[in-house]
Amino acid sequence: PLPSPSPLLHNGRPLPASYANFVILNGAIIVPTYRDPQDQEALKTMERLFPSRDIIGLDAVPLIREGGSIHCSSMNLYKG
């Protein structure tokens with residue numbers, strides 16, 4: 001299981017922060033981070049789950065304030 005970040009609020013409203021909002025790329029995984037102590041545990045978990053891929057943490061606080069995160073704001077492009 002992935003850890004959960006601490007509740008994140010913006011202007012008094014809770015934000016849907018989750019480490020499950022990651023993106024799988026060719027050779028890498030981009031994992032949202034939230035300036036939270038659990039960020040490092042989430043990255044370590046992803047390293048165990050995807051040992052052959054580079055794990056890249058990306059600060060998703062600006063995105064989550066708009067109601068989405070990395071996966072929500074990306075588009076999957078498939079080779080071929």
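Visitor: Which residue takes a positive phi in the hairpin of S3 and S4?
Guide: That's Gly27, with a phi near 85°, in a hairpin that has two residues between the strands. This is a predicted model, where local features need pLDDT of at least 70, side-chain atom pairs count only at pLDDT 80 or more, and totals for chains, interfaces and linings use all residues. Residues are numbered from 1 along each chain as its sequence is written, and side-chain values use heavy atoms, with hydrogens and water left out.

Visitor: Thanks! In what sense do S3 and S4 pair?
Guide: Antiparallel, over three bridges, with S3 covering residues 23-25. Strands here are DSSP E runs of at least two residues, helices are H or I runs of at least four, and both are numbered from the N terminus. Two strands pair if DSSP finds at least two bridges between them.

Visitor: And what is the bridge partner of Val23 in S4?
Guide: Ile30.

Visitor: How many bridges join S4 to S5?
Guide: Six, and those two strands run parallel.

Visitor: How many residues of S4 are buried?
Guide: Six of its six, residues 28-33. Buried means under 20% relative accessible area, exposed means over 50%, and partly exposed is in between, using a 1.4 Å probe and protein chains only. Both faces are covered: one side has Ala28, Ile30 and Pro32, and the other has Ile29, Val31 and Thr33.

Visitor: Switching to the helix, which residues of H1 are buried?
Guide: Asp39, Ala42, Leu43, Thr45 and Met46. They cover an arc of only 160° around the axis, so they sit on the same side of H1. That arc is taken from the directions from the helix axis to the C-beta atoms.

Visitor: What do those buried residues pack against?
Guide: S4 and S5. The face turned away from the buried side carries the exposed residues Gln40 and Arg48.

Visitor: What unit do S4, H1 and S5 make?
Guide: A right-handed β-α-β unit. Right-handed means that, with the strands pointing away from the viewer, the path from the first strand over the helix to the second runs clockwise.

Visitor: Last one: where does Phe50 lie?
Guide: In the loop between H1 (39-49) and S5 (54-59). Phe50 has a relative accessible area of 22%, so it counts as partly exposed.

Visitor: Which residues is Phe50 in contact with, leaving aside neighbours within four places in sequence?
Guide: Phe22, Ile24, Ile29 and Ile55, where contact means heavy atoms within 4.5 Å.
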